[in-house]
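Look at the sequence and the model first.

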Amino acid sequence: MGRSALRLREKSRIREYSAPRFYEIAFDLNRKGEVDFLVHCFKRFSPRRVRSVVDIACGTGPHLMRLADRGYAMSGLDLSPRNIEFLGRRLAANGHEGELVVGDMTNFRLARPVDAAICMQDSQGHLLTNDQLVAHLKSVARCLKRGGLYVFDRYMASSWTNPARRWSWSKRRGRLIVRASFSALNDVDPVSQVFRERMTLEAIENGTRRLYRQNHLSRMVFPQELKALVELAGGFEFVQWFFGFKPWQVLERSRHPIIMVVVLRKK
Ligand SMILES: C[S@@+](CC[C@H](N)C(=O)[O-])C[C@H]1O[C@@H](n2cnc3c(N)ncnc32)[C@H](O)[C@@H]1O
């Protein structure tokens, strides 16, 4: 693993996210803009200079890598050993070190507390009950220093009739083309708030076509419910929320928001 400190603490219980190379290319979307927003939050809302950050459910590390490039000391946690191995190689190839952990975001610890935590691309949606979300918030609070920030994004329903959203796009890197389609908020169960996410990655490289499909459950929380769960978990004060990664677009003043980006501060 070169210089990156890879620690496999727990075997994955899921087989999702097992095509990290294609995923990383397909989802290399607005990452720079998102990282600019995160850095803005660190500067605007943290009482101390943010130097160390943990990326929770870091996946293939689009934010983690960019923050490491900007000089932050990074740790990453993900349930998928394949993602963590892939990211370990990326970190080492770019001369960075970091604590990478295979683990569950509802119950984890870091070697040292950090100044900020992030959880991006609606990864919290993988927590399918309020109990899991509260356990997660408690775990995150434990790994932060006092005043530490927690920034995360969540999909939200902007319509009561048909909240489902679908996107299709393609990306090329060298000789590899990845055609992606992704849909969220399908078949929302009105009681559990659980819905289905579907992802297809079609990779074409040197005349060979590979198809990767993933279909999993996710869950949405309503904004006011989220605030109440933060209170219930304890440990955090609410700082601000936004529609998307735009510091001027505060959630209450946004029309038809489909993503809320939330900033919490450890008490
Ligand atoms: C939508 S991907 C996002 C990855 C990355 N944050 C990004 O922005 O590209 C969700 C990630 O959550 C991870 N994951 C799912 N359930 C998890 C859990 N209980 N604990 C930690 N990671 C989990 C998956 O392995 C996957 O890498």
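## Salt bridges and fold

A network of salt bridges links E24, D28, R66, R90 and R173; a salt bridge here is a side-chain nitrogen of Lys or Arg within 4 Å of a carboxyl oxygen of Asp or Glu. The model is predicted: local features need pLDDT of at least 70, side-chain atom pairs count only at pLDDT 80 or more, and totals for chains, interfaces and linings use all residues. Residues are numbered from 1 along each chain as its sequence is written, and side-chain values use heavy atoms, without hydrogens and water.

The count comes to 16 salt bridges.

| Pair | Distance |
|---|---|
| K32 and D36 | 2.7 Å |
| R265 and E237 | 3.0 Å |
| R219 and E225 | 3.5 Å |

R265 lies in strand 12 (residues 259-266) and E237 in strand 11 (residues 236-243), so this pair ties together parts that are 28 residues apart in sequence. Strands (E, at least two residues) and helices (H or I, at least four) are DSSP runs, numbered from the N terminus. K32 and D36 are four residues apart in helix 2 (residues 31-45), and therefore about one helical turn separates them.

K32 is exposed, at 51% relative accessibility, while D36 is partly exposed at 30%. Both E225 and R219 are buried. Buried means under 20% relative accessible area, exposed over 50%, and partly exposed in between (1.4 Å probe, protein chains only). Buried residues make up 55% of the 267 residues.

Overall, the protein has six helices and 12 strands.
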